[in-house]
Amino acid sequence: MTMIKRVVLLLLVLLGLALAYLALAPSPIDPVAWEPEPAPAMTGPLAPNARLAAAELIGQGQLDGPEDVETDAQGRLYAGTNAGTVVRVVDNKIEVVAATGGRPLGLDFAPDGALIVADAIKGLLAVDPAGKVTLLCDSAEGVRFGFTDDVAVASDGRIYFTDASDKFGFGDHMLDLLEGRPHGRLLRHDPASKATTVLAKDLYFANGVALARDESFVVVNETYRHRITRHWLTGPKAGTTEPFIAGLPGFPDGVAQSGRGTFWVAMFTVRNTVGDWLAPRPFLKKMVANLPRFLWPKPEPYGLVLEVDEQGQIVRSLQDPTGAYVEQVTSAHEQGGKLYLGHLNRDRISRVAL
């Protein structure tokens, strides 16, 4: 046997052993099969454009993962970072407002001026103007939050927020995607009574949350089902949960009320044919979960934000199809005729004139 044949044979044996390990080793997930809805055609309001390529980059090189963006009454920008801090951007300079000791994600201001923070690790927090951090809650119905994700504060001070997954914590979101089971919840915290109520459960990675302009309902993104769900707060349907919009062209992350009766939906990336193909194949998903993480499928670089009306119809989209300038959009906040975009793993906030 020649040396080349020996090398090929050895490689085949090693490949076989690797496949056997991936197939037979204990997996961190218990996946189920499901069939994704077909991805929509990128036409009409979804037609490709380069609106995001004109974005101004704020704090570039000074920020580390500003996942959500919020503005205070003075128009100053706030964001949470991978370092576990809440920062404020003033004249393109970064000021540390507070340190949560976790990973602050969703932000929103309460009527009393406190900044409410959904911290993926610590739970639901309040930060006062002096930077003092107070834990509001970290569990509901006896179940501890695994991935506190986003927050929206109503005019009466009650706080609507999400626990993306009570099984897989921050950093393990891909495992939640691969498993394909509903581990997410939509919750409400009442600062007056200190009661925390579960409004909806069995959600598929409950991510962004936002209130309707009249606060009659709240929407929540189910990232790994490419859809948005609505929970009614008032009216004849109060207390019920129903589909709002499905079959989105990507993975909805953050969602925010525009103030004009529409929602801005931040899309982390577009649909992936490999991911859609894997969805109904639990055995292969177990194998993928056993791969070293650097071999996991990577999100396609694509900048995408949708504007959706309160009837669940897409009004328009802002895009950077190349992903060269704006990608991995995780939040969208409208203020003063401009749209501020957050990014989970980038070093800037993007600002787009509307």
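Two strands count as paired if DSSP finds at least two bridges between them. Strands (E, at least two residues) are DSSP runs, numbered from the N terminus. This is a predicted model: local features need pLDDT of at least 70, side-chain atom pairs count only at pLDDT 80 or more, and totals for chains, interfaces and linings use all residues. Residues are numbered from 1 along each chain as its sequence is written, and side-chain values use heavy atoms, with hydrogens and water left out.

**Stop 1**

Select residues 250-257, strand β20. β20 and β21 pair in the antiparallel sense over five bridges.

(Buried means under 20% relative accessible area, exposed over 50%, partly exposed in between; the probe is 1.4 Å and only protein chains count.)

Now select residues 303-309, strand β22. Six bridges join β22 to β21, and the two run antiparallel. A266 stands opposite V305 of β22.

**Stop 2: a four-stranded sheet**

Move to the open sheet with strand order β6-β7-β8-β9. The pairing is antiparallel. Which strands stand at the edges? They are β6 (104-109) and β9 (133-137); each has a single partner strand, so one side of each is left without a neighbour in the sheet. Neighbouring strands of this sheet are turned by 30° against each other on average, direction ignored. (Here axes are lines fitted to C-alpha atoms, and angles run from 0 to 180 degrees between N-to-C directions.)

Zoom in on β7 (residues 115-119) and β8 (residues 123-127), an antiparallel pair with five bridges. I116 stands opposite A126 in β8.

**Stop 3: two loops with a positive phi**

Most residues other than glycine have a negative phi. Select F205, in the loop between β15 (195-203) and β16 (206-211). Its phi is positive, about 55°, although F205 is not a glycine. F205 counts as buried, at 4% relative accessibility.

Next, select E215, in the loop between β16 and β17 (217-222). Phi of E215 is also positive, near 60°. E215 is partly exposed, with a relative accessible area of 24%.

**Stop 4: charged pairs**

Side chains of opposite charge can pair when their charged atoms come close. A salt bridge here is a side-chain nitrogen of Lys or Arg within 4 Å of a carboxyl oxygen of Asp or Glu. How many are there by this rule? The count is 19.

Begin with R230 and E242, whose side chains meet at 3.1 Å, N to O. R230 lies in strand β18 (residues 227-232) and E242 in strand β19 (residues 241-245), so the pair ties together parts that are 12 residues apart in sequence. Both R230 and E242 are buried.

Then pick R348 and D347, with their closest N and O atoms 2.7 Å apart. R348 is buried at 13% relative accessibility, while D347 is partly exposed at 25%. For R144 and D138, the closest N and O atoms are 2.9 Å apart.

Finish by selecting R260, E307, R316 and E334 together: salt bridges link them in a network.
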